[in-house]
Amino acid sequence: TRASAAGNRRRVSFGTVPDFAWQGSGVKVESVVAGSPAETAGIRAGDVITAIDGAAIADLGAFSEQLKRYAPGDRIKASGEREGDAFELEMDLTAR
């Protein structure tokens, strides 16, 4: 179940390092942390995350704000683009 975030802190780990130079919509993945929820789900460097549970992700700030809504153990759907093709993957978030 989804628990409301305590305060304004993000309590979960997605497991990616963003490409801070990315100027497009969404969050481009520069690298994936070994053993992370993202790696387990199949996210790869170069993927662009465009939505989490159907909520559009415009940029890194929106990505972080969306993740504040979740608690460790929550299952989410991450949507995005990989080399021009759309994808949707499920993952179980872990504690940050």
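**Close-up 1. Ser31 in strand 3 and the residues around it.** Ser31 is found in strand 3, where helices (H or I, at least four residues) and strands (E, at least two) are DSSP runs that are numbered from the N terminus. The model is a predicted one, in which local features need pLDDT of at least 70 and side-chain atom pairs count only at pLDDT 80 or more, while totals for chains, interfaces and linings use all residues. Residues are numbered from 1 along each chain as its sequence is written, and side-chain values use heavy atoms, with hydrogens and water left out. With a relative accessibility of 29%, Ser31 counts as partly exposed, a class that lies between buried (under 20% relative accessible area) and exposed (over 50%), for a 1.4 Å probe and protein chains only. When residues up to four places away in sequence are not counted, Ser31 touches Thr16, Val17 and Ala45, contact meaning heavy atoms within 4.5 Å. Asp19 is twelve residues from Ser31 along the chain, and the C-alpha atoms of these two residues are separated by 8.1 Å.

**Close-up 2. The aromatic pair of Phe14 and Phe63.** A search of the whole structure finds one aromatic pair. Phe14 and Phe63 form this pair, which is edge-to-face, with 5.0 Å from centre to centre and 85° between the planes. Rings of Phe, Tyr and Trp (its six-membered ring) pair if their centres lie within 6.5 Å, and planes under 30 degrees apart count as stacked, over 60 as edge-to-face and the rest as tilted. Phe14 lies in the loop between strand 1 (12–13) and strand 2 (16–18), whereas Phe63 lies in helix 2 (residues 60–67), so the pair ties together parts that are 49 residues apart in sequence. Phe14 is buried, with a relative accessible area of 1%, and Phe63 is buried as well, with a value of 5%.

Close-up 3. Leaving out residues up to four places away in sequence, Ser36 touches Phe14 and Gly15.

Close-up 4. Asp53 is found in the loop between strand 4 (48–52) and strand 5 (55–56), and its phi is near 50°, a positive value in a residue other than glycine. Asp53 is partly exposed, with a relative accessible area of 32%. Glu83 is found in the loop between strand 6 (75–82) and strand 7 (85–92), and phi of Glu83 is likewise near 50°. Glu83 is exposed, with a relative accessible area of 79%.

Close-up 5. Ala58 is found in the loop between strand 5 and helix 2, and it is partly exposed, with a relative accessible area of 46%. Apart from its neighbours within four places in sequence, Ala58 is in contact with Gly24, Ser25 and Gly26. Arg44 is 14 residues from Ala58 along the chain, and their C-alpha atoms are separated by 19 Å.

**Close-up 6. Arg82 and the ring of Phe87.** Arg82 lies over the face of Phe87, at 5.0 Å from the ring centre. A charge sits over a ring if NZ of Lys or CZ of Arg is within 6 Å of the ring centre and within 35 degrees of the ring normal.
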